[in-house]
Each structure stands twice: as structure tokens, then as C-alpha cells.
Amino acid sequence: MLTRLFRMHGLLVASHPWEVIVGTVTLTICMMSMNMFTGNDQICGWNFDCPKTEEQILSSDIIILTITRCIAIIYIYFQFQNLRQLGSKYILGIAGLFTIFSSFVFSTVVIHFLDKELTGLNEALPFFLLLIDLSKACALAKFALSSSSQDEVRDNIARGMAVLGPTFTLDALVECLVIGVGTMSGVRQLEIMCCFGCMSVLANYFVFMTFFPACVSLVLELSRESQEGHPIWQLSHFSRVMEEEEDNKPNPVTQRVKMIMSLGLVMVHAHSRWIAEPLSINTTVGIPQVGMELDHLSPRRIEPEKPLWHFYLTRMVTMDIEQVICLTLALLLAIKYIFFEQVEMESTLSLKNPITMSAPTLAPRRPTDTCCRKELPAPRPLAPAQIIADHTPANKEEMNEVIRPLPAPATSVFVMGEEELKPDITQPNHSPKLRDLDECVAILNNCEQGPRFLSDAEVMLLVNSKHIPAYKLEAMMERPERGVAIRRQMISAKLPSPSALSSLPYTDYDYSKVMGTCCENVIGYMPVPVGVAGPLHLDGKQFQVPMATTEGCLVASTNRGCRAIALGSGASSRILADSMTRGPVVRLPSACQAAEVKAWLESTDGFQEIKEAFDNTSRFARLQKLLVGLAGRNLYIRFHSKTGDAMGMNMISKGTEQALSRLQQHFPELQLVAISGNYCTDKKPAAINWIEGRGKSAVCEATIPAKVVREVLKTTTEALVDVNINKNLVGSAMAGSIGGFNAHAANLVAAIYIACGQDPAQSVGSSNCITLMEASGPTGEDLYISCTMPSIELGTVGGGTNLPPQQACLQMLGVQGASQDCPGENARQLARVVCATVLAGELSLMAALAAGHLVKSHMTHNRSKVNLQETAGTCTKKAS
């Protein structure tokens, strides 16, 4: 129950950092302002003469107090030095400084607000510093730094709060009760110091539960890499530390002792304050009044000789020798911490954008032979015992390396070859001997141990013995990335070349977005270059179009087309239709009965009943029409439906299944053959998509002035029109093309689809396009061009659009996710951009063909500079 409560509290604080920080600061300021009206205005030494009793101050007391202060300063220094393990000695150091400062200010304000005397605060300050413990804050920061996204930061902070909150709460309670005993000592100075200590503990607890997690969440949110949008703080080597924090639960015996101690201390306090206090009051009845004798010791009001600010400033700059010693020590340690600490632990949490770093900064990190392209040698297969030994830390110092940031890699971020065989330092210590199958199964099924206590060789043993399904490796490992790495090891042993996967990267990828959604049996990811074409002037807006391709000249050619459109009046577009289709095939006992079902479906009553059943399956799916075809006793029913911002195949399939169930209620003899009868038609060339449309049907047009045709496209309107007629129209007709009356629409569609997380296979039907050109303008020298695309199949939610890189490309176009104002508008806007980009690509390629520049440009820009005939292991300077 407590764990769940603290988790909810952590999630609330991490999700609303600004509100929590502003609220904490506002509360402190409010209490300070209230203190102005409720506090005592009698300030000794300024407007009141406060006689002091003669008190002998021993030199030994001064020495002990000075030593205590120095110890407190050194203790705080080591606390901050421990924070450097988190990867940044500045960001989290500042967060820790804010924690200490806010705790001190809050304690002071609270004590002022309660109208308590702060005599002795100077002596109490060292004890306050010694009470501050940043270890819990350090542990909570490790939870946050192990995240791979801002959402995961919030979840991990909530998870850390659930683990650390109950223990920290009990410790704070015990500390308050123990220190609170001193407030009953009868020694006024000790009572004041203990009161301040209790308030400090409570303030530290309050700040840890509110201010610090909000600061960490906000700092990590602001440190997102601006140009790419993904987090740059992620320290994956903290994953084991986070798990160890969860496993390192406090000893139940210790917890019980603390609780019993707390109850006992509560009883002591209750007895002292509620039972013993009235008795002491009764015993003071017979004490003679000595008020008149102490009149000479009471304070007397005097006229201030200087302003209040000058009075306090004078007191601040007037320091004793012990204060000078403590201040000097604090300054020296601060200078050492900031300027003279070793720099080998460069911050992974640095807010610098790695993209914008200058070249001279990165140059020294490059190896001297990076100009050479070498074939990586095949990795030597390891025996199971060797694999386990690689994963076994040699000693305690190596174990401690887990919580230290790794130095920045000098090579590419993609993992190549031998990195797969490096020891995984985030794994727990394994025994050097391969355990038997039964023991491995027991460890796997143990909820307190699990797969992280198994070596890779032992996991492979469990896979081969069918105790772990090979397709569930990502889900069953403590980290999906480890599951991918183990699968790569198993696959590599079966390949003709063991090093075949060495150049396929797999690390630093969020596989949680892939599992169960985008891909199975994952062994890595494929980096594809992404270029940008633009600005594309469309419907009064400008778009930078992302294109993922390995074909040289494609992005450059499209960019030239965008420039020609921009120098004209821009392009205009319209959506003609919006409906995804699914075409099941059903069978009736006879052709005549199939004809009766066809007639019923085409009737108003029949359509309305089917529509009602279909529309009830989704809040976005809306059946628009049915197209029914008959072949013998088979019936092909093409459902047309809107699907919002999703591409919608799953949505419409669900609705189709429900509609067919309703149809079977009217015609029990109807038999469903297949939910897809190729009457849709999906991912295949089909005339029905060309004629009836599928997905979004769009048209785009533009007029290019004659001057732009001559100077930018390097040709004439007459030549363009002639090539278009004879190539795109007559040539495609001669080839019997279906929807292929264009130059290369599929090039642009596929490039945008890959970049924006669409299904690349649907570029088959989505590339249906007819490009028309004609002379226009007063002199007939301007060029009018249009592209009509009746079957653009795409969406902005679901599938590959859930992956962060693809979402970044959708964000470039301003269409990521579902439209909040008008469902389906983001997908329609993306379709218009696709159609306009196709127009730009058509314009540039047709101009190159008309001018005879196609072959020349491809020989210049689309030829590999790498000598593929080089033998393995040789170094080629030209390759660089």
C-alpha cells in the first residue's frame, strides 16, 4: 500500500515539475513575507540594548566548534564528489546545492515563522550540514538517468520514489524523534539546536519528496537534444544499479527495530510534554517573584545609529578567526571541485549538442587510421565457460565501475563486430562454471533472481532446451537489448560467415516500441540515410520533406523541383476522397443466392444495417459505401470506410468481420472464405485501386513560369510537354501499365514512406499516378503540370509511426500523431505533401530527360567512390 502511494506521489511530482518547484518557492516566500508581520521587531544591538550575562568562553570550545565546522564542510564536499558518479559534476551538483540551500532556507523560515529564537544558529549550522544525506537523492537520480525517454524518466522517478520513499520516511521520523529528545534537556542552547536539527530533517525530507525529483525531471526534460528530439542523458550502464537499488531492500529486522524505537520515543515525548509538564507547573507556585530584581537585565529600546541593512552587513563582514578558517576551507574545496578535479569522467549528461560541436573539438578523438577502410576480422567463437568468464567482474573495483560514466566512444555510435563479444559490465557476478539445466531453470523462475543472474551461455542453453522461446528473448530478458544481443550470437554461429552481422548495429535503440508492434526476432536495425528536400511551397505553407533513400540524385533532383515550384506561384492540392478498403470473399450455395445477397447489400435497408454493425466497432471507422462483385457463387464485397488519422487496415478489418457476422444472421448459409479476397486491393497492382481509389485520393498542380523552366530546369516547355506525352502517356500505354503514367512517382513515395514510418510495401498501390503537362500563359511558354494520385495509403498513428525517429520526420511536416481538431486531417495533410513532392520529382526528372542530363548527373552523383574489389583487410585511402 505504502509503495503504491509513494509511486503515485513520485509520478505526480515528476509529471508536473514546474508546478512543484514554483509551489515550493512560493510557499517559502509566503512564509518569509508572513514573518515580516508576525516576527519580533526587537533586534538586539540595533534598536534594543540587550544586556548579556557574563559567560566564560573556553578556547577548547572554540577549537572543537571549528573542527566540527570543518568536518561538516569536508563531509558535504565528499557528498558532491559522489554525485560526479552520475555523469555530470555540474548539473546534479547544482541540484544538490539547491537541495541543501532550499532545506536551510526553509528551516530558517519555518523557525522564524514559529517565532523561535535563533540564538546559537551559528553553532547549529555544522550539525545541519552533517544531517544532510544526498545518498538517497543520488539513488533517485540514478533511477532517472537510466531512462531512454522523458516518459520513462517520469516512470523511473516514480519507481525510485516507491523504492526509496518508505525507508527515507522512517529514517526521517527516527532522526526527528532522537534529536527531539534534546529539546527536553532543560539546557536552552541545546534545546534551540535540537529544535533546529528537527526542522532541518523535516525540511530535507520535504525537499527530497518534492523539490529534488521535480528538479531532476525538469533538468532532464530541458536537456533533450534540440535537433534530434531524443534524450542525450541516457546512461544505460545504470540499469543494473537501478535493479540493485530495488533488490537492496532494507533488513526487516532493522525496520522493526526502528519502528519499535520510534514508538518508544513517541511515548517518551508524550510523557515529557503532556504528563510531566503540568506537574512542573504546579511546583512553581511557591517560588518567590524576583521580577523586580531582574529589571536591570531586561532589554531597553534605543535609537538606531545605522540602517538595518548596514547593521547586518557589518555583522556579516566582521568575522572571527574560526569563521575565516571555515570560509577559506569551503572556498578551497569549491575551487578544487570545479577547476582541478580530473576530467576523464566527461559528462554524458552535458547539455552541449553533439551535432553543433566544432570539428577541432572532435578531431583529437579520431583514431589516426580512420581514413582507411578495413575489413573487420571474423570474431573468434568463445567457449561457454569463456563467455561466462567475460561477464564476471574481476574484483570489487571493477564492480564499482558499474556506476561510473563510460568515456565517450572514439568510433561511430553504431556497434560493429567485436563489440558484441565485449563483457557486459551491467550483468551481476556469475559463477565461472556453466550451471546445469535444472539450476538455470530454477534461477529463471525465481522472482528475486531471474534472467539477469544467468550468463548469455546459460540463456542460450535455456533457449535450445525450449525453456525460453527464441521469439520471446527480448521480453524475458531484463533488457530487450540483451535479448537481441543473445539472438545475434545464436544466429551468427549458423551463418556462412560468423562476422556477417558485425556491421549491423543493434545498441542504443528503444526496442520496447518495436516489441509486439513492428517486428519480431529482432537482430538489429537498419540505418538508412535521410535527406531533406525543400522548402516545398504548398497551399500557402512551406514544408521541409524528409526522404530516406540510398539512391543518389533523388533528393537533389526533388530539391530542384521544389525550387522551381517556389519560384512560380507555389503548388495547390486537394483531397478528392478518403476511404480505406477491405474486400472479403464469401461463398453462397448457388450463384442465384449470391445474387440475392448482392441485391440486399446494395439496397438502402441492407446497407444501413451493415453500416450500423460496422460503425459500432470503432469511434473513427465510418462505412461510406459497399462495392459488390460476383463471380459464380462467390461474392466479393469491397468495404469503403474512413479511418481517421490511421492507415486503418486493422480498424477496417475488425469492422468488416463484425459486418459479416450481421450478414450471416440474415443469410445463415453464407460462408466466409477469407477476410481479404484481393478485392481490396492491398500491396498489389490493381485496376480497381486506380479506378475506384483507395486510402486518400489527391490531386496537385502548379504553373512554372517560362523563365524558371529555362534557368532552373534547363529546358523548354515545348520539350517537356513532348517528352511527357511520348514517355508517360504513350510509353506507359504501350507497356500495358496500370496507374503507371508517370516518370518515377514510386521513388518519392517510397522515400517518404520509409522516413515517416509507413508500410513500404504499400508504395505499390500508393504510387499510382498520372502526370500531365501542357503549355500555358499568354505566350504559351509557361508550363502547367499536375499529378493525380487516387490511392495514397498512409497514416500518422499506429505501426511504424510510433518509433521515435519516424515520429521526428512526421514532426518535421507538422503531422505527427492524431489531429486534435479534426480527426483524419494529419493523414490527409501528409497525403497532400506526398502528392506535391511527387510533382516536384516528376518536374525535375522530366526536365533532365528533356535536356539530356540524366546520365551525366547520375554518373556524377550516383556512383560509389568505394573500390569494392579491394581484398579483405587492406587499407584504401580513396575509400575515405
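Reply: Start with one word. A residue is buried when its relative accessible area is under 20%, exposed when it is over 50%, and partly exposed in between (1.4 Å probe, protein chains only). This is a predicted model, so local features need pLDDT of at least 70 and side-chain atom pairs pLDDT 80 or more, while totals for chains, interfaces and linings use all residues. Numbering runs from 1 along each chain as its sequence is written, and side-chain values use heavy atoms, without hydrogens or water.

Now the rings. Rings of Phe, Tyr and Trp (its six-membered ring) pair if their centres lie within 6.5 Å; planes under 30 degrees apart are stacked, over 60 edge-to-face, the rest tilted. The whole structure holds seven aromatic pairs. Take Tyr509 and Tyr511: their ring centres are 5.2 Å apart and their planes meet at 55°, so this pair is tilted. Tyr509 is partly exposed, because its relative accessible area is 24%. Tyr511 is buried, because its value is 3%.

Next, look at Phe614 and Phe639. Their rings are stacked, with 6.0 Å from centre to centre and 15° between the planes. Phe614 belongs to helix 23 (residues 604-615) and Phe639 to strand 8 (residues 634-642), so the pair ties together parts 25 residues apart in sequence. Helices (H or I, at least four residues) and strands (E, at least two) are DSSP runs, numbered from the N terminus. Both Phe614 and Phe639 are buried.

Go back to the tyrosines for a moment. Ring pairs also bring in Tyr525, which forms a cluster with Tyr509 and Tyr511.

In helix 17 (residues 437-445), the buried residues are Cys440, Val441, Ile443 and Leu444. Look down the axis of helix 17: these buried residues fall within an arc of 160°, so they line one face of the helix. That arc is taken from the directions from the helix axis to the C-beta atoms. An α-helix has 3.6 residues a turn, so residues three or four places apart point the same way. Turn to the other side of helix 17, and Asp438 and Asn445 are exposed. What covers the buried residues? Helix 18 (456-464) and helix 19 (473-476) are included in the cover. Contact here is heavy atoms within 4.5 Å.

Stay with helix 18 and helix 19. The loop between them holds Lys466. Lys466 is not a glycine, yet its phi is positive, at about 70°. Lys466 counts as exposed, because its relative accessible area is 71%.

Asn521 has a positive phi of about 50°, and it is not a glycine. Asn521 counts as partly exposed, because its relative accessibility is 44%.

Strand 3 (residues 530-538) contains Pro535. The peptide bond that joins Gly534 and Pro535 is cis, with omega about 5°. Further along, a cis peptide bond runs from Cys680 to Thr681, with omega near -10°. Thr681 lies in the loop between strand 9 (671-674) and helix 25 (687-692).

One last stop. Helix 2 (residues 17-38) carries Trp18. Trp18 is exposed, because its relative accessible area is 52%.
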